[in-house]
Amino acid sequence: MNLLIESIQWILDPQNYVGGNAIPLRVLEHLGFTVATLLIASAVAIPAGFFIGHTGRGRGLAVSISGAFRAIPTLGLLTLVALSIGIGLGAPYVALTILAIPPILAGAYTGFEAIDRRTIDAARAVGMSEGQIVRGVELPLGLPLLIGGIRSAALQVISTATLAAYLADFGLGRYLFTGLKTRDYAEMLGGSILVILLALALEGIFATIQRFVVPRGVVSSRSRVVRVR
Amino acid sequence: MFTANKGRLALFGVVAVGAVIALAGCATGDPLATDSGDSAGETLVVSSSNYYSNEILAEIYSQALEEGGYTVDRQFKIGEREVYLSDIEAGGIDVFPEYTGSLLQALEPDAAGGSADEVYTELEGVLPDGLALLDRAEASDQNSWTVSKDFAEQYDLTDIASLASVPEPIQVGGNSELESRPYGPSTLTEMYGIAIAGFTPVEDGGGPLTVKALQDGDIQIANIYTASPAFAEGNLVALDDPDNLFFPDNVVPVVSDKVDEGAADILNTVSAALSADVLVELNAKSSNDQESADKIATDWLAEANLF
């Protein structure tokens, strides 16, 4: 309990708000790194997921690859990549992108797969092109699940991004490593609390987005069914 | 199934007891004279910390003792110093390969430090009752400021002070705690006037990533243990430390009073043969060739031909 109070004091200590190790700077670095990683992972995983979801092709491959990706220990991968490209932020970007790809990929293709086939057949029957089906039907209907995938990737990345500090003077992980190695446990716990707060804030933002991206038609039809029952 | 296992266990037990008696026989010449007070018949407990290099040393000392007719009970991989120090003090361990400077600092946090001999004498003074130090080996496993060979050649670097002649500011790398250690970057500036550009954390304790960063030129100096197998490849230079910025950490067996003169002689003979290069070579065999401590120890003892 004492340690918890000490770590909160550490977070509030004005000394930790100046210089190159200031809390706001570390928070921004951490967030920037997380957002960039999610963008890179999305750029790879979303088009691939849409392709798989729309065509139904390559699903087995995607499932096994993303399953294997999930099983890779991130610190081991980080070390392995750093041994070939050197220290700095490059290796953490690669390692965490690989961590973020599976949930986003799964969110993208399950979002498409979860759509009632009759809806898509109806869209095709009224003369929509494949491109129009993807953009006008599958994308909006699959969006909540896709956002869900990005949300779970974001949670993993923001907590694992502390590893970026393993090889660079970067992010909230700095407090964890310095605190651990110099036995300054208030700093270590303070850093952890900041990571937790960031993760919770991000969760809140994504939960809100997820609620708002549900197409209006889907919501109202669902609620009507409930009322009939 | 159980009976078969038990039978096998019993057989193993008989063989083991037989081997013990045979070994004791080698030493005393009379296998039945176990209660004659000859400590050669006693079992010596040899321990090591959970550090691969320390385990190799413990294995070497164990095998040397066994060759000399002593019975050895191996209790290896007992965590970190915080964990096993109380065991040593309580007398549960008879032989432990230790490192002079680190043990001194663990027993006496305000120790003054100094040269290898000074640290050894200081350590003798603070060692708990019932424990003794045998001769120290030349081999040491200590902190060092290390540069890449290319960098050392470019600026003709030999000792830490010569870093001051490097025209550009120097980037320091290593575990985060290094930044605030008494031998850290700020001391380099204060003592020698070395210009420091900054500190890059590389949290693998002087491991392969630190070596890679040195060779890539991402950092210019790093803290790497002098017995690290990375030195075996010859691409690194540990800068001399004439002012003893770092505590010398020579290998030294800490022993209980169960270790008699004969055993002490054996251990001293081994320590005398443990040069700095030997330790690096032994560590390289473990890290690079993935050999077991057991095999490394047997091979080295055969090669060194001490007994």
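**Chain A annotation and the domain interface of chain B**

In this predicted model, residues 27–206 of chain A carry the UniProt annotation "domain: ABC transmembrane type-1", taken from an unreviewed entry.

Biologist: How far apart are the end C-alpha atoms of residues 27–206 of chain A?

Modeller: The span is 83% helix and 0% strand. Its end C-alpha atoms are separated by 18 Å.

Biologist: Into which domains is chain B divided, and what distance separates their centres?

Modeller: Domain 1 of chain B takes in 44–140 + 248–304, and domain 2 takes in 143–238. Taken over C-alpha atoms, the distance between the centres of these two domains is 28 Å.

Biologist: How much area do domain 1 and domain 2 of chain B bury between them, and which residues of domain 1 lose the most?

Modeller: The two domains of chain B bury about 560 Å² between them, with 58% of it on carbon and sulfur atoms. On the domain 1 side, three residues together account for 57% of what that side buries. Those that lose the most area to domain 2 are B:Ser140, B:Val280 and B:Asn288.

Biologist: Which helix gives the largest share of the side of domain 1 of chain B that touches domain 2?

Modeller: Eight residues of domain 1 of chain B contact seven residues of domain 2. The largest share of the domain 1 side is five residues, and they come from helix α10 (residues 276–287) of chain B.

Biologist: How many residue pairs are in polar contact between domain 1 and domain 2 of chain B?

Modeller: The domain 1 side has four nonpolar, four polar and no charged residues. Zero salt bridges are found across this interface of chain B. The residue pairs in polar contact, both at pLDDT 80 or more, number two.

Definitions and conventions
Residues are numbered from 1 along each chain as its sequence is written. Chains are lettered from A and ligands numbered from 1 in the order in which they are written. This is a predicted model: local features need pLDDT of at least 70, side-chain atom pairs count only at pLDDT 80 or more; totals for chains, interfaces and linings use all residues. Side-chain values use heavy atoms; hydrogens and water are left out. Domain bounds come from an automatic or database domain assignment. Contact means heavy atoms within 4.5 Å. Buried area is the accessible area (1.4 Å probe) that two parts lose on being put together, summed over both. A salt bridge is a side-chain nitrogen of Lys or Arg within 4 Å of a carboxyl oxygen of Asp or Glu. A polar contact is a pair of N or O atoms within 3.5 Å; within protein, one must be able to donate a hydrogen and the other to accept it, and residues adjacent in sequence count only if both atoms are side-chain atoms. Helices (H or I, at least four residues) and strands (E, at least two) are DSSP runs, numbered from the N terminus. Ala, Val, Leu, Ile, Met, Phe, Trp, Tyr, Cys and Pro count as nonpolar, Asp, Glu, Lys and Arg as charged, and the others, Gly among them, as polar. UniProt positions are given in the numbering used here, feature names are shortened, and annotations may be inferred rather than shown by experiment.
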